[in-house]
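Here is a short note to read beside the structure. Please keep the model open while going through the points.

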Amino acid sequence: MRTGIATVCLSGTLKEKMQACAIAGFDGIEIFEQDLVTSPVTPEDVRKMAADLGLTLDLYQPFRDFDSVSEDLLTANLRRAEAKFKLMARLGMDTILVCSNVATASIDSDDLRAEQLGRLAALAGDHGIKVAYEALAWGKYVSDYEHAHRLVEAVDHPNLGTCLDSFHILSRNWDTAPIEAFNPEKIFFVQVADAPKLSMDVLSWSRHYRVFPGEGQFELAKFMGHVVRAGYSGPVSLEIFNDVFRQSDVERTAVDGMRSLIWLEEQSAKWLDANAPALSAAGAGPTGAGGAAAPFRRRYPMELATLPQVAEPAGYNFAEVRAADTKGLETVLGQLGFEFNGRHRTKAVQLWTMGHARVIVNEAAPGSGESAADASPAIAALGFDVASPVIASARARQLKAPAVPRTSQANEEVFQGFAAPDSTEVFLCQGSPDGTAAWTSEFGETAEPREGPVAPAAGVTAVIDHVNLAQPWQHFDEAVLFYTSALALTPQPFAEVPSPTGLVRSQVMATDDRSVRLVLNLAPLIQQDGAGEGHRKTYQEHIAFAVDDLVATARDCKARGLEFLEIPANYYEDLDARFGLAPDFLATLQELNLLYDRDADGEFLHFYTATVGSVFFEMVERRGAYDGYGAPNAPVRHAVQYDLLHRP
């Protein structure tokens with residue numbers, strides 16, 4: 001599949017955009033007119049730069065408001081078009097995007113539109129240019145891609161074809177199956193964009209909320225499957241408009257875009273396999289009633305590559321917290337009932353365990369130029385149990401994930417690792433049926449921690465239930481695609497919860513069996529404190545551990561001196577009003593600062609610790625088939641933490 005991206009998707013100058021596209025590995029680009037008009041680089045130099053970078057110049061766009069106009073306006077439009085055709089010759093480009101009219105259209109006549117598009121095609125032919133006509137979703141008279149295609153067929157000129165844009169088609173809920181009947185020679189260009197499903201006018205939706213494939217909710221694999229079946233073999237190019245990408249690092253956004261096309265290519269191949277018609281054993285056609293179907297993969301002009309296939313993770317192997325001063329972390333883990341298992345024999349890290357929940361405390365020394373906040377406790381890495389770490393790592397690398405190898409000596413576990421968009425390190429570990437980890441034998445050969453050993457919680461079975469990572473605003477959508485494509489986690493419906501600093505968007509990524517639950521929160525700007533490109537995280541995140549009996553666990557933690565997040569009495573009055581809990585049970589919840597939720601499937605109990613650096617811990621108990629995270633209680637946590645943070 002030939003990949004492309006429109007320069008409008010990226011921040012920076014035209015030169016910076018082109019360089020970023022080449023670094024990310026795109027085959028070609030669309031030149032957005034404004035990027036050229038505002039650039040000091042001549043068209044001839046743009047052409048040479050593209051050649052030097054190994055990029056093809058696939059589309060010049062957009063040419064607006066051409067059709068459905070009066071004769072005098074048509075004359076002006078043809079003059080304008082000829083000027084652009086001459087410019088394209090200097091750029092070495094042969095295809096221009098012409099959008100259906102949204103502003104100056106005054107005559108609603110398909111016959112007139114066909115006649116005017118025919119005159120444009122004839123002029124384009126004189127200059128060796130192809131015109132890709134696109135139905136904008138908000139076009140005045142032409143908003144349906146099938147309508148646009150009928151006009152192209154009516155003109156029947158070799159220099160006029162259609163452009164299929166997934167946003168303009170899927171935002172209007174048009175059926176994409178008819179694409180398969182299109183003459184592939186008349187499909188001149190294909191653009192793809194994803195988007196969350198929103199209830200708003202299409203123009204605003206398009207201008208502010210488009211995202212890369214895999215970061216929204218459109219059925220793009222199905223759309224692409226129909227395009228491939230039609231026989232199209234040209235570029236598949238990203239055209240994205242939103243309020244984030246053009247404020248973000250240009251190279252990073254380009255890599256994110258390339259990752260999205262790699263993912264889309266794989267998903268499209270899977271859709272084609274899953275929806276292939278059964279063929280007869282002879283391969284002559286679909287089987288009849290009762291006929292035996294033989295496995296068969298039809299070949300199409302567009303070849304779709306796939307990635308190394310991996311199963312979703314079987315569970316968390318460990319969570320790692322890094323800090324220059326680990327004293328506070330050691331105290332809290334001990335009070336929670338974790339057992340200290342010693343330091344690593346060659347690395348400055350500690351291991352703390354409770355049941356199958358493992359926390360690595362990394363005694364990181366402050367780096368050059370790091371402030372005290374930079375070196376304060378923060379979640380640094382997550383380990384996941386996977387069936388084949390090497391294959392899973394190879395998949396992640398093909399998806400442009402940067403490698404983060406760890407130095408290992410002889411007889412030490414070698415972890416396959418890569419960095420997530422928010423800089424969290426992800427390590428792939430060889431899972432074991434009993435939930436143990438072989439690498440734990442590398443700990444215990446050095447001195448005890450500063451505070452001395454703490455007696456472990458007797459008989460407590462614990463696992464990592466979920467991890468909550470706060471994402472910088474400019475990388476939130478990137479993170480969703482990253483964990484979807486690289487770790488095979490599935491996005492769940494997102495939620496928004498109020499906090500004193502505004503609404504917090506929360507996106508759960510999970511395995512089907514919920515053995516891995518990863519919660520991504522869009523961090524409010526007020527909490528990010530300069531955590532931009534290249535900075536350590538300073539906003540609050542947490543690790544949640546599931547136990548069998550939270551009340552007993554909380555009593556033990558209280559006896560060990562744990563500082564709970566103190567929940568206001570108003571919360572318990574409201575809890576009583578909502579659920580009518582037994583008085584003794586409600587009193588126990590309030591005594592221990594426990595929070596409670598209930599739905600049709602079960603109950604959820606949990607409590608939070610005080611925050612150390614940017615990290616706090618949560619203990620949870622799931623009763624029945626409760627599958628949530630106590631979302632109604634999130635505003636309480638945010639408010640209490642905000643109050644603690646801002647106390648004089």
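1. Terms first. Helices (H or I, at least four residues) and strands (E, at least two) are DSSP runs, numbered from the N terminus. The model is predicted, so local features need pLDDT of at least 70, side-chain atom pairs count only at pLDDT 80 or more, and totals for chains, interfaces and linings use all residues. Residues are numbered from 1 along each chain as its sequence is written, and side-chain values use heavy atoms, with hydrogens and water left out.

2. The main core. A nonpolar core is a set of buried Ala, Val, Leu, Ile, Met, Phe, Trp, Tyr and Cys residues joined through side-chain atoms within 4.5 Å. Buried means under 20% relative accessible area, exposed over 50%, and partly exposed in between (1.4 Å probe, protein chains only). The largest nonpolar core has 180 residues. Phe26, Leu164, Phe223, Met224, Tyr483, Leu518 and Phe607 touch the most other members. Helix α10 (residues 250–274) gives the most to this core, ten residues. Apart from this core lies another, of 13 residues, including Val404, Phe415, Cys429 and Phe443.

3. Phenylalanine 607. What does phenylalanine 607 touch, not counting residues up to four places away in sequence? The list is Leu336, Leu550, Ala554, Cys557, Leu562, Phe564, Asn593, Leu594, Leu595, Phe617, Glu618 and Met619. Contact here means heavy atoms within 4.5 Å.

4. Glutamate 266. This residue sits in helix α10. Is glutamate 266 buried or exposed? Glutamate 266 is buried, with a relative accessible area of 0%. Its side chain makes a polar contact with the side chain of glutamine 267, at 3.4 Å. A polar contact is a pair of N or O atoms within 3.5 Å; within protein, one must be able to donate a hydrogen and the other to accept it, and residues adjacent in sequence count only if both atoms are side-chain atoms. Leaving aside neighbours within four places in sequence, glutamate 266 is in contact with Ala305, Leu307, Gln309 and Arg395.

5. Helix α11. Why is helix α11 (residues 327–336) largely enclosed by the rest of the structure? Because seven of its ten residues are buried. They are Leu329, Glu330, Val332, Leu333, Gly334, Gln335 and Leu336. The cover over the buried residues of α11 includes the strands β11 (315–323), β13 (349–354), β14 (357–363), β25 (602–608) and β26 (615–624), along with helix α15 (550–559).

6. Cavities. On a 1 Å grid over the protein atoms alone, a cavity is a set of points where a 1.4 Å probe fits but cannot get out, and a pocket is an open set with protein on both sides within 12 Å along at least five of seven lines; lining residues have an atom within 4 Å of a point. Grid points are joined across faces, edges and corners, and a volume is the space filled by probe spheres set on the points. The structure holds three cavities of 30 Å³ or more.

7. α10 gives the most to the lining, with three residues.

8. The largest pocket. Its volume is about 660 Å³. It is lined by 29 residues, and Pro196, Val211, Glu215, Asp477 and Arg505 lie nearest its centre. The largest share of the lining, four residues, comes from α13.

9. Backbone points to check. A cis peptide bond joins glutamine 61 and proline 62, with omega about -5°. Proline 62 lies in strand β3. Lysine 400 has a positive phi of about 70° although it is not a glycine. Lysine 400 is in the loop between α12 (389–398) and β16 (416–419), and is partly exposed, with a relative accessible area of 32%.
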